[in-house]
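User: Got a model to go through with you. Can you take my questions as they come?
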Amino acid sequence: MAAEIVNPRSDSDTDGGTRGASDEPFDPAFALHRGGKMAVQATVPVRDKDDLSLAYTPGVAKVCSAIAERPELVHDYTWKSQVVAVVTDGTAVLGLGDIGPEASLPVMEGKAILFKQFGGVDAVPIALATTDADEIVETVVRLAPSFGGVNLEDISAPRCFEIERKLQERLDIPVFHDDQHGTAIVTLAALRNAARLTGRGLGDLRAVISGAGAAGVAIAKFLLAAGLGDVAVADRKGVVSRDRDDLTPVKRELAELTNKAGLSGPLESALAGADVFIGVSGGTVPEAAVASMAPGSFVFAMANPNPEVHPDVAHKYAAVVATGRSDFPNQINNVLAFPGIFAGALQVRASRITEGMKIAAAAALADVVGDDLAADYVIPSPFDERVAPAVTAAVAAAARAEGVARR
């Protein structure tokens, strides 16, 4: 069934935005989105024929010829090194699922303006009318000369893993699937601070992740790379373990990397004695399972709009509680990561985004909290103006240290 549109306002509405033509309550979301949320703006004036001759013909020909002779000049004389392609096929959009490329555009526009607002990075939404992994890869490869980086967005698993891998192999610009890595980076930053608050290290913690999709797989791998003691991942059928014969190739690889404790069975049983719960799947975790976690536990229930564990319940048992929502403390929000990550990578013209760059981003984000660390403040607000510069500088420095920077 198609989603019902609640009275988008027509151009002829003149009632100040309180009612529409059918007397239904006016939804301000439609007013904000009318005409889209972004536009192209010139950075140079075109006021007279002299300006025109420089910005376009004949002056532009000199620049084109110089780039043809020395292709690296494209970074200096075009916007390439300042712009990211935000690419989707509309198959996994913001909890809405597979709604198609056209319906995904409002989200992609939103992502683009967040790039600009929080990282000073220009971004262009690109929604593709294909769900074939190879077609997506080929299309992005052909578009790549116009961009300094590619942000993959809202592409369903497991295709997202293949698409990202193939693009990273074929392109010499950063390719970053934010649903995977942005979520993982912010989660690690919050977890580092939660551990610091309670006098523990990452190696002391055993985590359970609910959800074995893009975010769950990436979080598990990233936390282990950062030194987490152990992590088990559960899908709809229970803990991903070596003894299961129904695993996809991605989950088989995950089973080899995770679950050192050899757990099996449902998520609830895995939570007994666990130090950390990380939810990226939706659904509801019973209160009894939360109560069975270790003393001083952390509950990061990040499903939107309904966390897997409501904060009121989580606070009965957990030392630190985080969600994906802005109306509760400790919001795990990707906007804390991706603008600064791309800003740092573009600043040094990085050829890719490495694990070291991602870990540096998480450390910088955690460090913003500093001495203000508290149970209700283990991760900064997206509106903290220190965030993007800190992440940008850390990512740029890590790119240079890892040998992927080209300036």
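Analyst: Go ahead. This is a predicted model.

User: Where is Val46 found?
Analyst: In the loop between helix H1 (28-33) and helix H2 (49-55).

User: Switching to the backbone. Which residues does a cis peptide bond join, say around Pro158?
Analyst: Ala157 and Pro158, with omega about 0 degrees. Pro158 lies in the loop between strand E3 (149-152) and helix H7 (159-170).

User: And what about the peptide bond from Asn304 to Pro305?
Analyst: That bond is cis, with omega near 0 degrees. Pro305 sits in the loop that runs between strand E9 (297-301) and helix H13 (311-314).

User: Now phi. What is the value for Asn259?
Analyst: Positive, about 60 degrees, although Asn259 is not a glycine. Its place is the loop between helix H10 (249-257) and helix H11 (267-271).

User: Is Asn259 buried or exposed?
Analyst: Buried. Its relative accessible area is 9%, and the cut-off for buried is under 20%.

User: What about phi at Asn330?
Analyst: Asn330 has a positive phi of about 60 degrees, and it is not a glycine either.

User: Where is Asn330 placed?
Analyst: In the loop between strand E10 (318-323) and helix H14 (338-347).

User: And why does Asn330 count as buried?
Analyst: Because its relative accessibility is 4%, and buried means under 20%.

Notes. Residues are numbered from 1 along each chain as its sequence is written. This is a predicted model: local features need pLDDT of at least 70, side-chain atom pairs count only at pLDDT 80 or more; totals for chains, interfaces and linings use all residues. Side-chain values use heavy atoms; hydrogens and water are left out. Helices (H or I, at least four residues) and strands (E, at least two) are DSSP runs, numbered from the N terminus. Buried means under 20% relative accessible area, exposed over 50%, partly exposed in between (1.4 Å probe, protein chains only).
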